[in-house]
Amino acid sequence: MALKQPRHGGRGDRDLEANPVFSREPVRVPRYALPAGEMDPDTAYQMVHDELMLDGTARLNLATFVTTWAEPQALRLMDECVAKNMIDKDEYPQTAELEMRCVQMLARLWHAPDARRAVGCSTTGSSEAAMLGGLALKRRWRHRRDARGRRADRPNLVMGVNVQICWEKFADYFEVEPRYVPMEGDRYHLSPEAAVALCDENTIGVVAVLGSTFDGSYEPVAELAARLDDLHERTGLDVPVHVDGASGAMIAPFLDPELEWDFRLPRVASINTSGHKYGLVMPGVGWVLWRDDDALPDDLVFDVSYLGGRIPTFALNFSRPGAQVVAQYYNFLRLGFEGYRRVQQTCRDIATRLAREIAALGPFELLTDGGQAPVFAFRLRDDVTGYSVFDVSAALRERGWLVPAYTFPPNRTDLAVLRIVVRNGFSHDLADLLLEDLRRVLPRLERQDRPQRCAGDATAFAHGAESGDPRRHGRR
Ligand SMILES: Cc1ncc(COP(=O)(O)O)c(C=O)c1O
C-alpha cells in the first residue's frame with residue numbers, strides 16, 4: 001500500500017487523518033495577558049469549551065435560584081435577539097413594546113389598583129431592581145422632608161437581617177443606614193413588631209422579603225402593613241413597604257392567591273422579582289414595579305434624546321441585552337396563568353416531598369418544608385457531633401450535587417444549615433437520585449469522630465445568604 005506523501009510539505013494531509021484541533025493548540029496558553037497573535041476559531045472554541053468542563057453542572061446546582069432549563073423555543077428566540085440592546089428602544093420598538101406588555105401583565109398579576117397607571121421596567125435582575133426600588137423610596141422620603149423644611153441627611157432602611165446581600169449593597173452604596181431586625185429563636189426572618197419599633201422619621205421604607213434567601217419563607221407582609229398603618233395613625237409616620245419578591249412574587253400569585261402581600265395592600269409602594277428565577281427565563285432579567293406614578297418620583301427618570309426620539313429611562317445600566325425580555329414575554333404568552341401555576345405547583349410538590357424524606361432520614365431537622373417558595377433549609381440534629389453540614393455538602397459534591405451549607409446571621413450565628421432550591425427542571429426522579437446519594441454518604445459520615453469541615457471551608461455558593469458576619473462592609 002502506498003504511503004500518503006505530505007503535499008506542499010505541510011500539515012494538510014495530517015489534518016485529514018486525525019482531528020487536528022488538539023494538535024493545533026499552542027503548548028502554552030497565555031491566560032492572563034492578551035495573546036500576541038490570532039488563533040484559528042475552531043481551536044479557540046475547543047480550548048474555551050474544554051476548560052469550562054471543569055464547571056459544575058448547572059442542572060445539579062441546587063444552590064441557585066436562577067433558571068437552568070428553558071424550552072428550545074425560548075432559547076431560539078434569545079439567539080435571534082442576541083444582538084438587540086434593550087436601551088435602543090427607538091430602534092427596536094417591538095422589543096420595547098414587549099417589555100411594556102410584561103410590565104402590564106405583572107401589574108395585573110400583583111393587583112395594581114389601576115394597571116395602566118402602574119409603572120415599571122425590566123432590569124438585569126433583582127439586585128438592580130432593589131437598587132431602583134430603594135432609590136425611589138429614598139427620593140420620595142427626601143421630597144417629603146424638603147417639603148416640611150426638615151433635614152434629609154440621615155435616611156435609614158428597615159429590614160430583616162435575612163435580606164439578600166443586594167440590600168446591604170444598596171444601603172452601603174447609596175448611603176442609607178441599614179437597620180436590621182435580628183433573627184430570634186425559631187424566627188428566621190423579620191417580625192413586624194420589631195420592624196416597626198425600628199422606624200422613625202428618617203425611615204425611607206421597610207423591605208419585606210417574599211421567599212427569604214436563607215430558607216424560602218415568606219415574610220408576613222400584610223401584618224407588617226397593618227402595623228405600619230397603625231404607626232401612621234398613632235404618630236403620623238407614613239412608612240412605605242417595598243416587597244422583595246425575587247422568588248416569591250412569581251410563586252405566590254399562582255399558588256397562594258388568597259395571600260395578600262402585593263398592591264392589594266395600599267402600603268406596598270413597589271415590588272421586585274427576578275424574571276430569571278421563577279419567571280423561568282435564563283439569566284439575567286429582573287422587574288421592578290411601582291403601584292402608580294406617584295410612587296416613582298419624576299426626577300429619577302432621565303429622558304434620553306440621542307437614541308432617536310425621547311426615551312424615558314430609569315436604570316443603573318445603559319446597554320443591556322434585550323433577549324431575556326423577549327424570552328420573558330415568550331414565557332408569559334406560552335404558559336399563561338395556568339401554565340405557570342402548574343410549573344410552580346410541581347416545584348412545590350417536589351420540594352415538600354424531598355424535605356419530608358430528608359427529615360425522615362434521621363440526622364436532619366427541617367427549618368422550612370418548601371411549602372412557600374419551593375426552597376427549604378435543614379440542619380443536623382444536636383446529637384450529631386461527628387460531622388457537619390459542610391461535610392454533607394462536600395460529600396454530595398463528589399457526585400456533582402451542589403448543595404450549599406452556610407451559617408445564619410445574628411442572632412442565630414450558631415445555626416449552620418444546608419439549603420435546597422427546587423426549580424423547573426429538577427424532577428421527582430432527580431430528587432430520588434439525590435436522596436439515594438444522601439443515603440449512601442451518611443454511613444461513611446457517621447463513622448467520623450469529628451467534623452472535617454467547618455464554615456470557613458465552605459465555598460460561597462449560597463447566593464447572598466451565606467454570612468459569617470453579614471453586617472461587615474465589603475465582606476468577602
Ligand atoms: C430575596 C432575594 N432578593 C434579591 C436577590 C438578588 O437577585 P438577582 O440574583 O436577580 O440579582 C436574591 C437572589 O437570590 C434573593 O433571593
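Tutor: The structure is a predicted model. I start with H12 and H13, where H12 passes H13 in a right-handed crossing. On the H12 side, the residues that make the contact are Asp 391, Val 392, Ala 395 and Leu 396, and on the H13 side they are Asp 437, Leu 438, Val 441 and Leu 445. Sorted by class, this contact holds six nonpolar residues and two charged ones, with no polar residue.

Two packed helices are described by the angle between their axes and the distance between the axes. Helix H12 covers residues 389-397 and helix H13 covers residues 428-446; their axes come within 10 Å and cross at roughly 125 degrees. H12 is therefore oblique to H13.

A second pair can be described in the same terms. The axes of helix H5 (residues 93-109) and helix H11 (residues 323-360) come within 9 Å, with a crossing angle of roughly 50 degrees. That angle makes H5 oblique to H11. The crossing in which H5 passes H11 is left-handed. H5 contributes Thr 95, Leu 98, Glu 99, Arg 101, Cys 102 and Met 105 to the contact, while H11 contributes Val 325, Val 326, Gln 328, Tyr 329 and Phe 332. By class, the contact of H5 with H11 has seven nonpolar, two polar and two charged residues.

Next comes the ligand. There are 17 residues around the ligand, and those that come nearest are Gly 125, Ser 126, Ser 127, Gln 164 and Ala 246. The shell consists of 11 polar residues, five nonpolar ones and one charged residue. Helix H6, residues 126-147, gives the most to this shell, with three residues.

Last, a single residue. Lys 169 sits in helix H7, which spans residues 165-173. Lys 169 and Ala 44 are 125 residues apart along the chain, and their C-alpha atoms are separated by 37 Å.

How values were computed. Residues numbered from 1 in each chain as written. Predicted model: local features only at pLDDT ≥ 70, side-chain atom pairs only at ≥ 80, totals over all residues. Near = placed C-beta within 6 Å. Helix = DSSP H or I, 4+ residues; strand = E, 2+ residues; numbered from the N terminus. Nonpolar A, V, L, I, M, F, W, Y, C, P; charged D, E, K, R; others polar. Axes fitted to C-alpha atoms, helices over the stretch in contact; angles between N-to-C directions. Parallel < 35°, antiparallel > 145°, perpendicular 65-115°, else oblique. Left-handed = near helix turned anticlockwise from the far one by under 90°. Contact = placed C-beta atoms within 7 Å.
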